[in-house]
Amino acid sequence: MKRIGDYTVVRLLGSGGMGSVYLARSRSGRFVAIKVIRPEYAADPRFRERFRQEVEAARKVGGFHTAAVVDADPDAPQPWMASAYVEGPTLQAEVARRGQLSEEQLWRLAASLAEALKAIHGHGLVHRDLKPANIMLPPDGPRVLDFGIARALEESRLTTDGVVVGTAGYHSPEQALGRPVTGASDVFALGAVLVSASGGSAFGHGSPAGLMYRVVHEDPDVSTVPPSLRPVVLACLRKEPFRRPSPLELLDLCAAHAGAVPTHDATVLDDEPPPPTPPPPSSPHPPQPPTVTAENPSPPAAVYFVRRSAWFLQILRNALGVAGLVGGAVLSGTNAFPVAVPATAGVIAFLLAIRLLGLLGAAKEGLSLSSRGIGLGPPNNLVVMPWHEIKALELTRHTGWTELTVHLDVVRPMPTGAHHPTWVRQGRGGVTRIRARRLSPFGTAPQLPDAVNAFARWQRIRVNEG
């Protein structure tokens, strides 16, 4: 292969499961890295369409720690994508050569990867295959490669038979189980990458099937990770996606380690304190946990709201109807009065019992606001939308009740268990907005607008009130 598009091929840089990567030169003499997709993927029209969409999104990604996508041709006989060439070893090669990175280098790597993921997720992309081989180490700092392709592979017909996109030992439990993938999967991979960069392996070695099992069912091995960084790695490697920190939270944790002022709440590790391991001699002043201040507040207390019912209006109408029948019987002077009075009382008692059952049943469906995110469904089986997936919130006030609209930053399937008529799905090809109607406080919870505004201030999320 001598030319790819307008680029002259210099040499082959490497090959993998998706295709081959070539070093090439543009007409002006600039070097680029071109990934050429394998022919079997190119034969799938669904892959080509998804590849086109992902490349367009990837072109918009900026940031200090990504390699910019500069050109692509999804309609070529073998689709290709060109990125700015980054000269330097991969993290995989550097660890193989040196054995492990220093503690300070690991902290810098964590911050760089978090910043790269923040930029990638900010444009609606999920990397899906973050691993040491996709991380370059040029002199000016780490760079993340190969974003914008994996989702096209994942949604093509070549992966519908159970093939998991990603690298065993670095993909998340939800990837291994074939569940919907969000940016939280990249955060899981980041944690596994940090373990690898410290000279260890979060889930050991062996066959892909064995690694996938351990990723889902076993705790990670973080014994090689420096004690100061271990809580951050453990937070990234949590099994539940909604419990992992967002890239922004990771950046703030890294800033807290460096003594900088975080821009966001950095308390995501409170429920998993660091192990009681003394700090190494080279760190006489270990970082202190972030304090709760006005600029760095603690999360509000979790609250739950239930579906508001209008059954009391039905009860009132029915009771009035029965009372009307009784009044008619009395006025007509018939002998029905002695029978109508106890019958009326029985009907009203029955309707009140229905109302009571309705109130008890209302607690089975509702909305939760907590530090985890916004939950839908019954309290014991919430489907949680993490805060990092929420772009904005809207509150629309009606007479006697308030409607909440949640705008998601990603397109995702409708959560299982959230199909109650209270919830209204909006958006094509997936959920981009979910509307919650007629909600009332459960127990001693505050009013919905107060609770939403409190959590929005804590999470720095915009709230539009109408």
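How many residues does helix α2 have, and what does the helix reach from its first C-alpha to its last?

## Helix α2

Helix α2 (residues 45–59) has 15 residues and reaches 21 Å from first to last C-alpha, close to the 21 Å expected at 1.5 Å a residue; the expected span is 1.5 Å times one less than the number of residues. Helices (H or I, at least four residues) and strands (E, at least two) are DSSP runs, numbered from the N terminus.

Asp44 caps the N-terminal end of α2, with a side-chain oxygen 3.0 Å from the backbone nitrogen of Arg46. Buried residues of α2 include Phe47, Arg48, Phe51 and Glu54 (buried: under 20% relative accessible area, with a 1.4 Å probe and protein chains only).

## Basis of the model

This is a predicted model, in which local features need pLDDT of at least 70 and side-chain atom pairs pLDDT 80 or more, while totals for chains, interfaces and linings use all residues. Residues are numbered from 1 along each chain as its sequence is written, and side-chain values use heavy atoms, without hydrogens and water.

## Aromatic pairs

The whole structure holds 7 aromatic pairs (Phe, Tyr or Trp rings, the six-membered one for Trp, with centres within 6.5 Å; stacked under 30 degrees between planes, edge-to-face over 60, the rest tilted). Tyr41 and Phe47 form a tilted pair, 6.0 Å centre to centre with 40° between the planes, and both are buried. Tyr41, Phe47 and Phe51 form one aromatic cluster.

## Strand β14

Glu403 lies in strand β14 (residues 401–412) and is buried, at 7% relative accessible area.

Conventions: Buried < 20%, exposed > 50% of the residue type's maximum accessible area, 1.4 Å probe, protein only. Polar contact = N/O pair within 3.5 Å; in protein donor to acceptor, adjacent residues only side chain to side chain.
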